[in-house]
Amino acid sequence: MHALVLFSHGSLLCGAGEAVDIHAERLRQQGKYDRVAVGYLNYSEPLFAETVAALVAEGVDRITVLPYFLISGYFVRTSLPETLEPVRAAFPTVEFSVAPAIGFHETLAEALFDSAIHARTEERWRDPLKRAARACRPSPDCPLYGTPGCPKVPSLPAREENLHV
C-alpha cells in the first residue's frame with residue numbers, strides 16, 4: 001500500500017492545522033493514494049513518526065512525504081531529513097520518497113489568483129481565523145490559552161478583538 005503524508009511544521013495556535021487537514025481530505029477523495037495523512041514536525045498532533053507508525057500498522061509499505069511548505073527552506077532542507085532519519089531506521093522495510101515543496105508548482109499561480117478574486121473587506125478578513133478557532137482543543141501550550149482570546153476556555157469567552165493575526 002502507498003501513502004501520502006503531508007509534512008507540516010505544526011503550530012501552538014488553535015486550529016492552525018485546519019487548512020492542511022482540509023487539503024488531506026481533498027487528496028483522500030481523489031483516491032490516488034491508498035492512504036493520505038498529516039504528520040507534524042512539532043507542536044501539533046500527530047507527530048510525523050506517529051503518523052508513519054500508524055500507517056505501517058495498517059499495512060503501508062511505501063510513503064511519499066510531501067512537504068507542506070512553499071519553499072525548501074530550513075524545515076524542508078534540515079528538519080525534514082532529521083525527522084525522517086530515525087523513522088527510516090525504525091521501519092527499514094518501508095520505501096520513503098520525498099516530494100519537492102509546493103512553491104514553484106505551476107498551478108499555485110492559479111490558486112493565488114483565485115484567492116485574490118475572493119478578497120474580503122476589512123470587516124470580514126478575520127473570518128477564516130474565527131473558523132479555525134472552532135477546531136481548537138484546550139491546551140496550556142497555546143499562547144492564547146487562559147487569555148480572553150482563547151475560544152476554548154469557558155470562563156473566558158473569545159472576543160473578536162482578541163483574535164489577532
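Tutor: Two residues are in contact when heavy atoms lie within 4.5 Å. The model is predicted, so local features need pLDDT of at least 70 and side-chain atom pairs 80 or more, while totals for chains, interfaces and linings use all residues. Numbering starts from 1 along each chain as its sequence is written, and side-chain values use heavy atoms, with hydrogens and water left out.

Ala 3 lies in strand E1. Helices (H or I, at least four residues) and strands (E, at least two) are DSSP runs, numbered from the N terminus. Ala 3 is buried, at 0% relative accessible area. Buried means under 20%, exposed over 50%, and partly exposed in between (1.4 Å probe, protein chains only). Leave aside residues up to four places away in sequence, and Ala 3 touches Tyr 33, Arg 35, Leu 55, Val 60, Arg 62, Ile 63 and Thr 64. Take Arg 62. Along the chain, Arg 62 is 59 residues from Ala 3, yet their C-alpha atoms are separated by 6.2 Å. Among contacts between residues at least 6 apart, 67% join residues at least 24 apart.

A nonpolar core is a set of buried Ala, Val, Leu, Ile, Met, Phe, Trp, Tyr and Cys residues, joined through side-chain atoms within 4.5 Å. The largest one here has 17 residues. Those with the most contacts inside it are Phe 7, Phe 48, Val 52, Leu 55, Ile 63, Val 65 and Phe 96. Strand E1 (2–8), helix H2 (48–57), strand E3 (62–67) and helix H3 (74–90) each supply at least two of its residues. H3 gives the most, with four. In soluble globular proteins, nonpolar side chains tend to be buried together.

Val 65 touches Val 5, Phe 7, Phe 48, Leu 80, Phe 96, Ser 97, Val 98 and Ala 99, not counting residues up to four places away in sequence. Val 52 is in helix H2 and counts as buried at 0% relative accessibility. Beyond its neighbours within four places, Val 52 is in contact with Ile 63, Val 87, Phe 91 and Phe 96. Phe 91 is 39 residues from Val 52 in sequence, but 8.8 Å away in space, C-alpha to C-alpha.

A second, separate core has eight residues, including Leu 4, Leu 6, Val 38 and Tyr 40. Now follow Leu 6 to helix H1. Val 20 is in H1. Val 20 is buried, with a relative accessible area of 2%. Apart from residues up to four places away in sequence, Val 20 touches Leu 6, Val 38, Tyr 40 and Tyr 68. Val 20 and Leu 6 are 14 residues apart in sequence and 7.6 Å apart in space, C-alpha to C-alpha.

H1 has three buried residues: Glu 18, Val 20 and Ala 24. They cover an arc of only 160° around the axis, which puts them on the same side of H1. The arc is taken from the directions from the helix axis to the C-beta atoms. Just after H1, Gly 31 takes a positive phi of about 70°.

One more stop is the loop between strand E2 (35–40) and H2, where Ser 44 is found. Ser 44 is buried, at 13% relative accessible area. Leaving aside neighbours within four places in sequence, Ser 44 is in contact with Gly 10 and Ser 11. The side chain of Ser 44 reaches the backbone nitrogen of Ser 11 at 3.0 Å. Tyr 43 is in this loop too, but Tyr 43 counts as exposed at 52% relative accessibility. Its phi is near 70°, a positive value in a residue other than glycine. The loop also holds Pro 46, and the peptide bond from Glu 45 to Pro 46 is cis, with omega near 0°.

Last, the whole chain. There are five helices and four strands. Along the sequence, they follow the pattern β-α-β-α-β-α-β-α-α. Buried residues make up 31% of the 165 residues.

Key:
Polar contact = N/O pair within 3.5 Å; in protein donor to acceptor, adjacent residues only side chain to side chain.
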